[in-house]
Amino acid sequence: MALRDMVMFPGHVVPLLVGRPASVKAVDLAQRSHDKRLFLVAQKDAKVDVPEEGDLFSMGVVCRILQVLRLPGDSVKVLFEGLDRATWTSLRKVEGVDVADLAPVQETTGDLKDFENVRASILQAMEEYSRTNRRVPLDVLRHIREMDAPGALADAVTPYARGEQARRQEILECLDMTERLARAKDLLVGEVSMASVDQSIERNVRVQMDQQQREYYLSEKIKAINKEMGRDDDPQAEAEDLLRKAEARNLPEDARKRAVEEIRKLRHVTAFMPEYTMIRNYVDWIMDLPWNDLKTIDIDIPKAREILENHHYGLEKPKERILEYLAVQKLSGGLRGPILCFIGPPGVGKTSLAKSVAKATGRDLVRLSLGGVRDEAEIRGHRRTYVGALPGKIIQSLKRVKYNNPLFCLDELDKVASDYRGDPAAALLEVLDPEQNCTFMDHYLDLDYDLSKVFFITTANSLHGIPIPLQDRMEIIELSSYLETEKRHIAKRFLIPRQLEEHGLKESNLNIDDGALTEIIRSYTSEAGVRNLEREIGAICRKTAIRLVETGEEVMDVSEANLGTLLGVKKYRLEALEDKPQVGVCAGLAFNQHGGDILLVETSVVGGSGQVVTTGQLGDVMKESAKAALSYVRSRAETLGLDPKFHRKVDIHVHVPDGATPKDGPSAGITLATSITSALLGIPVRNDVAMTGEISLRGRVMPIGGLREKLLAAMRGGIKRVLMPKDNEKDLKEVPAEVLDALDIVFVEHVDEVLPVALAATREEIFSGDGAAARSFSAALRPQAPKVDSGRPAVPLQSPRTPRVPATPRPQTPQPGTKRPKSGTV
């Protein structure tokens, strides 16, 4: 068995903890088969876990196993007794245990004339060593005094020396007993010297500790003297001063009692103890918070309206709701206001609106960004048991503003994350509930804190990231994207003057006409807000500044003609409409976080086996809309003059251009149905018509969302007529009058009402299943393009070689009944 950092000697009895599997097996094998004999040899490197032949010294000791104690786990404690020296050869494995052939060694006796002197020196050194080291028992020392053999004496004293393993191994391998005894004496004398040095160091440490105790005693005596003299640095006087402040502060009764209890603890804690700092910090937090300190608020409705109008253009609904709240609060004298939540795309002014509200109401503004917050302790704080614990951000912010009625803006509420440390959104349920936040419990304070006087405004880009219970506690106010006209007004009234001031320019140095401003909005920005618009205006101001500095030109006129030289190539383009009606190409209206847009849907019909392919990065909802549209067309095949089995003979490919942009939503249903019908009938779709609406299997047109932005996109794209669900007629109240005046809006309830308006054909030509002009499906697939006559492609006639399969009469589709409110976006 290999030993680590230890050398065994004959005659030495020592307990060893055996833990390595190979060593445990060796102990077991020795007990079973080798008369409890085991050969112990030291290994050269203690870091080697599985030693090989080259890792072991050549000489070791044959030992007898006296006792074995099994410990929990796989380790054992074994009591060994060293017997004889031996060398080993031919190491091999037997049952997973190292087995070697041993050879006894012959010891010699040298000159013994100095034996008595060396023996006396060893006994004297052992006497000194035993006084400073408890490793040498008294009975062992008595046994060593009785020894008179040099080899046995050397083997008895060497194991108690703490020298290097190599020196002890050299003593083991020394076969001359006289020389071995001399080496053992040198090793023991060195140990005695080291012990005396350790004793001296310990004596010095004890003296230093006595000095520190003396200084502590004197320090405590000085404190007692300061107490008698009434000086400020006396802890007792400091506690009394805190008690007087706690009585004078305007605190709730529970907070006052807790502060007094903690201050009394300070009397029994010295300033050097860690508890002193923890208690003092806690008391300071209680004393510094504005429990009942309210800032005087003078609500002036005309002044508040003026501030909101001067700082924000548009946003009529949010501003009106804020003014209503202020009016009610003025009349009621401190009504608990609702928690407002501004929902809207980036850059529409949610955070800046909160700043304007703070200015209009005279409250201090506290802004806390929740983006990326994933620890509940950020809201509720840490418990005082943790080192470095602090209250949450809510309490910290109130301490900073020093009033208990600020305007608290919780920004990016939908960006809150959660992990194993908790869910901050769940902690906000209490903060943003007007019925519960009067007793908000912070983990650090462990006291009820009243947040009912705080005016909370939260902002978010979308409701999808906000839990439903949290939405239920807030009043949701949606801020829609700005119209093109609104962006022009904002640029003239706010953005251009601010950029001129930031760039050190005067109003007379820059002149941007309306055409250039409109071109910047359309071709250089694509956003719901005005942040990128302000950046582009800033770029023009920089061009003006460098021209003013280099050439001295005082005025720069910016128009559509020279806009490209200032801002470069256009970054965005509007979806171009077809110059004439096209078969299978239909214009839909889409809505995203940047606003509205025109979305073209293309359908191609080719001979095949009935496959339907959709491309253009369409989402699952939009793919389902395409399937619903095709099912409607199949159900109306006979009325439309199509072969009822046409879907088995052709492949239909529906593609929505701009394939790199993901698209989804149900509101393209009637657009898909119109495009598929046009491709199957060979009738082109009017190029000045756009549409939006969800479709059902029965052909019902159901309501959609984002109507305001979609109509704005239609007006901007040159659309003349827009088809929309009848149920969305009520939503036109939020659409500006200039948009409604520019568009001919047609309300529809069924797809049968959509096709006659969208397709370039009469109603009789479209629904020709029972008339003489019925066209077969094979005629619709003729390869030649239809000829244009009087501005409309001619209707392809039925092929004489392919008679139309008589259609089985079917009942007409019932008129749509009561509409179920539903909205969606593409």
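Where is the place of Glu 638?

1. Glu 638 lies in the loop between α21 (620–635) and β20 (650–655); helices (H or I, at least four residues) and strands (E, at least two) are DSSP runs, numbered from the N terminus. With a relative accessibility of 11%, Glu 638 counts as buried, a term that means under 20% relative accessible area, with exposed over 50% and partly exposed in between (1.4 Å probe, protein chains only). A distance of 8.6 Å separates the C-alpha atoms of Glu 638 and Phe 767, which are 129 residues apart along the chain.

2. This is a predicted model, in which local features need pLDDT of at least 70 and side-chain atom pairs count only at pLDDT 80 or more, while totals for chains, interfaces and linings use all residues. Residues are numbered from 1 along each chain as its sequence is written, and side-chain values use heavy atoms, with hydrogens and water left out.

3. An open sheet of mixed pairing is formed by 7 strands in the order β19-β20-β18-β17-β22-β25-β26; two strands pair if DSSP finds at least two bridges between them. β19 (612–615) and β26 (744–748) each have a single partner strand, so one side of each is left without a neighbour in the sheet. The twist averages 25° from one strand to the next, where axes are lines fitted to C-alpha atoms, for helices over the stretch in contact, and angles run from 0 to 180 degrees between N-to-C directions.

4. Within this sheet, strand β25 (residues 721–725) runs parallel to β26 and is joined to it by 5 bridges. Met 724 has Phe 747 in β26 as its bridge partner. Helix α25 (residues 751–758) lies across β22 (689–691), β25 and β26, and runs at about 160° to β22.

5. Another open sheet has 5 strands in the order β8-β9-β12-β7-β13, with parallel pairing. Its edges are β8 (365–369) and β13 (475–478), each with a single partner strand, so one side of each has no neighbour in the sheet. The average twist from one strand to the next is 20°.

6. Strand β9 (residues 407–411) pairs with β12 in the parallel sense over 4 bridges, and Cys 409 has Ile 457 in β12 as its bridge partner. Helix α12 (residues 350–361) packs on the sheet and touches β7 (340–343), β8, β9 and β12, contact meaning heavy atoms within 4.5 Å. The direction of α12 makes about 165° with that of β12.

7. The structure holds 4 aromatic pairs. Rings of Phe, Tyr and Trp (its six-membered ring) pair if their centres lie within 6.5 Å; planes under 30 degrees apart count as stacked, over 60 as edge-to-face and the rest as tilted. Among them is the tilted pair of Trp 291 and Tyr 449, at 4.8 Å centre to centre and 50° between the planes. This pair links distant parts of the chain, 158 residues apart: Trp 291 is in the loop between α9 (274–288) and α10 (301–311), and Tyr 449 is in strand β11 (residues 448–449). Both Trp 291 and Tyr 449 are buried.

8. Arg 384 lies over the face of Tyr 282, at 3.7 Å from the ring centre. The charged end of Lys 399 sits over the ring of Trp 285, 4.0 Å from its centre. The criterion is NZ of Lys or CZ of Arg within 6 Å of the ring centre and within 35 degrees of the ring normal.
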